[in-house]
Amino acid sequence: MLYYANGLSALLWAISIFLGFGLMALADEAPCTLHHEGNYFNLNPLKASQDYEFETLDGHTFYLNVCRRVTTEPWSTGVPDNVDIAGLVRDDHHDFAVGLVNTTLEMRDTGLMMHLSNGSPCPGEDDLYGSSSILFLCDATVYGAGKPAVISQFPEDDNQACQYTVEWRTHFACATGERGLISGLIVFLVIFMMILLMLLVVSSTLYNRFVLRKRGFDQLAWLSKVHLLELTDFCIELFRSTVDNVRLTGNRWAESTRNFNPASHQWSSRDEEQAMMAADPLEDHDRELPND
């Protein structure tokens with residue numbers, strides 16, 4: 001009964017640890033999602049294998065992606081090659097990065113806002129870098145991803161523009177039912193209990209077959225209280241026996257290592273030659289032959 005109590009305590013500790021990790025995972029905001037006032041927003045469906053293309057106020061091509069880097073190959077942006085550019089404006093002589101990838105959303109009065117910063121150096125400025133603000137507006141009439149559009153840029157001249165404001169109408173910006181903590185916890189508990197039940201069934205069947213020597217339908221799992229107690233005691237004893245065997249093997253190996261003398265196992269070439277001569281039966285035979 002003591003083994004059963006120890007095993008039950010260990011099981012409760014394991015469940016507590018799993019629940020703690022589950023609560024932490026549920027509490028953290030997933031990339032490109034937002035919980036706000038009982039609503040849940042998710043912009044991950046806007047990720048695209050091909051960038052969204054539209055135009056600036058002066059007609060230059062604007063490439064933009066959401067929650068990932070642009071797939072268009074940047075050209076002379078002035079930013080390091082190992083960073084993830086979220087959007088860029090293609091000029092005649094170079095590309096201007098309007099910001100790096102950001103997966104954090106903010107709620108504004110009009111809709112969801114995503115800020116992109118640390119882009120290309122601004123023309124004529126040493127300490128200013130390209131940035132943009134993307135405003136996602138909920139529009140249930142827009143079927144599909146919708147299309148972004150530049151509504152302002154500063155300065156207005158494309159050759160000097162450093163900051164852009166983009167408006168994006170899409171039904172993906174509309175709120176859905178918030179993924180509640182209680183519902184997520186219930187799903188986590190159901191999955192955990194299913195895994196635990198599967199492990200109990202498999203271990204119980206193996207115990208019936210190889211320990212109790214049952215065959216046929218008798219070897220199938222029967223999760224009674226008595227059987228669970230026997231299975232728990234067996235698993236604990238098996239674990240302790242394994243630990244003891246590993247410890248004993250380690251002690252024997254350590255002892256043999258300490259008693260091992262490398263010098264006693266090394267022969268010189270002269271010793272080997274003398275040993276071979278002493279053990280050579282042909283040489284002894286030649287010595288016993290009489291001389292003519």
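Q: What makes a lining residue nonpolar, polar or charged here?
A: Ala, Val, Leu, Ile, Met, Phe, Trp, Tyr, Cys and Pro count as nonpolar, Asp, Glu, Lys and Arg as charged, and the others, Gly among them, as polar. By that rule, the second largest pocket is lined by 6 nonpolar, 5 polar and 3 charged residues. This is a predicted model, where local features need pLDDT of at least 70, side-chain atom pairs count only at pLDDT 80 or more, and totals for chains, interfaces and linings use all residues. Residues are numbered from 1 along each chain as its sequence is written, and side-chain values use heavy atoms, leaving out hydrogens and water.

Q: Why is it called a pocket and not a cavity?
A: On a 1 Å grid over the protein atoms alone, a cavity is a set of points where a 1.4 Å probe fits but cannot get out, whereas a pocket is an open set with protein on both sides within 12 Å along at least five of seven lines. The second largest pocket has a volume of about 170 Å³, taken as the space filled by probe spheres set on points joined across faces, edges and corners. Its lining (an atom within 4 Å of a point) has 14 residues, and His-94, Asp-95, Phe-96, Pro-121 and Pro-123 are the closest to its centre.

Q: What makes β7 and β10 edge strands?
A: The open, mixed sheet runs β7-β8-β9-β11-β10. Strands are DSSP runs (E, at least two residues) numbered from the N terminus, and two pair if DSSP finds at least two bridges between them. β7 (106-107) and β10 (148-154) each have a single partner strand, so one side of each lacks a neighbour in the sheet. β7 meets β8 (residues 112-116) in the antiparallel sense over 2 bridges.

Note on methods. Helix = DSSP H or I, 4+ residues; strand = E, 2+ residues; numbered from the N terminus.
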